[in-house]
Each structure stands twice: as C-alpha cells, then as structure tokens.
Amino acid sequence: MTPTGYRPSLLRRVLRVLAIVACLPYISLKIVWVAGGTLGIPAGSELLEHRTLLAVANSISVLADIVVVVLALLLTQAWGLRVRAWLLAFPMWAATGLLTPIMAGYPAQLAVALLSGDEGAAAPSEPFLDDWVFAVVYGGFILQGLALGTLFVLYSRDRWGHVWQGRLGELSARTSGPGVRAVALAGAVVALLPATVQLIWLSGSTTGLSARRAAERDPDFYVLSAVHLAFLVAAVVFTLLLVLRRPARLGVRPVLALAWVSTGAMGCWGAYLSLVALQPETDVAKQVPALAQLSYAGQMITGFLLAACVAVFLRRRSAEA
C-alpha cells in the first residue's frame, strides 16, 4: 500500500466513523464537567469535593480522546502512511494499554453481576457517578477499542506485515541480544511485587488497602484484581517468549500481539494508578498505603521495561526485513 492514490476501504471508513462517534459521549460529559456542570454526578459524590482537580483531570481526558480521533483519521488517510513509526506506535500502544483492560474488565463485572443477581455489582457502593454514566462511558470505550484496534491491525498489516511473519525459531539472534534479555528479566523480577500484592488481595486479605477500599470490597474489586494479574502475567510471559525466541514453532504474530497489549496495559494503568495514589488526601481512611503505591509503581516499571524490549525487537526486525 502506498500513499499515491490511496483510498480506504468501506470497512475502514465505517470503523473510522465508529471510533470517532464512540468518543462523543465521553468528550461531551467531560466538557460539561469542566464547565462546572454535574450531569451524571450524584449529590454527595467525592468528585464534587475537588472541583479544580476535577476540571484539570477532565481537560486532560478530553485531550486524550481527541488523540483517539486523530489516530482514527491517521489510520485511514494517505498522509497517515508517511507518519514516522514511533510517532504512531507510542500513542497506539498507550491507547491499547488503557482500553484493553476496560474491554476485558467491564463485561466481566457485568457477567458477575448477572450471575450473582447483584445489579449494583458494576458500580461503586457509595455515590460517585450515576449508573448510566458507567454504561455510556465504558460502552464507548469498548467500541473505541474494537474500532481503533481493528484499524491499527489493518494498517500494520499493510505497512509492517513483514515484521510479524514466521515463527519464533526463525528469528535472527540479533532481534534480541543479551541486553534485551537482561531488561526483560529485570521486568519479570519487578513484576513479582505487584503480582504478589494482587494475589494477596485476591485471597481476601486487606493488606495494602486503604481503610475505605478494604470496607468497600465487592465482586468488582476481585474482578479488577484478577484482570490486572492476568495482564501482568501475560506481559512477562509473552515478552520473554519473544526475546528468547522459544518455543521455536510458535508463531511470531500472536506472541507479539499479546506482548504489545499486555505491556501497554501494565505500563499505562500502572502510571495512571500511581498518579491517582499520589494525589494529596486529608482523609486518613482514603489514603493509599505505601504497599499499594509500590505495587502500582511496580506495574508501571514492569510495563515500561518489557515494552522497551518489544520496541527494540520491532525496530531490529523491521531493519532486517
């Protein structure tokens, strides 16, 4: 595929529209909140306690969703084919990492609520946001993820399809030298801390939880802990498979795809949770304990270290081809 005379297919045009339209409810709500409105925020919500912080956070969220719109256009326009690889890869990695856990976690929460008969299982026990906000926003995120992810796969197949061809055993040793393997091993070691903390929480222990969080544990809490643990394990396992080039008969495509998604999930959500945990909090019951902060930082560091290994693999593999 070349920029000259490039015309996106009907499928890509439909997916582009879907990705952009799916952003509108989220952006609209955020703009209302930045302007001082309270649509979807019930009386007594803790969001109303920090108006300035809410406005700043929502402004950043609007910019993030605007990036999604730009990506949807980039992936379906001729000029997008001329964009430098790193300039596209990083925001797509971040978007994939932020959206995929929601795409996995929210349906799982709804399934648990359905099976348990607890209609409130997918929303906080105390006022935070109206129930419909979660359905609208998370539903939009899922549509964004599906549309944007499919567009990126189609784009990557046309531009970089040669990178994921073949099997692990056919890869050159230069795609992952000793340095890359050492970084991957370091990421695996760092992952032990957040993995242990998630296992502790899944076992029912309140160690490392704030007093309020420990009191509010519900099925959603355990679903999200399981999702984070699953992505953490996947990030370590599939990145190690990629850099070790074993097992030899395993295809490069699924390993690379799973390493890409899971490292993004750990790196981006670890960074997000770390930022939230570092916000000043005067209420002792809401303060995030040091162990939880270390766990979030461990997720972030693990994701970034392993993502660096994936990035080096992609650059060297592309150069070889």
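**View 1. H3, H4, H9 and H10 each bring at least two residues to the lining of the second largest pocket.** Helices here are DSSP runs of H or I, at least four residues long, numbered from the N terminus. This is a predicted model, where local features need pLDDT of at least 70, side-chain atom pairs count only at pLDDT 80 or more, and totals for linings use all residues. Residues are numbered from 1 along each chain, and side-chain values use heavy atoms, without hydrogens or water. H3 gives the largest share of the lining, 11 residues.

**View 2. Here's the second largest pocket, with 37 lining residues.** A pocket is an open set of points on a 1 Å grid over the protein atoms alone, where a 1.4 Å probe fits, with protein on both sides within 12 Å along at least five of seven lines; lining residues have an atom within 4 Å of a point. Nearest its centre sit Ala 89, Phe 152, Ser 156, Trp 260 and Leu 314.

**View 3. Zoom in on Leu 256 and its contacts (heavy atoms within 4.5 Å).** Skipping neighbours within four places in sequence, Leu 256 meets Val 163, Trp 164, Leu 242, Val 310, Phe 313 and Leu 314.
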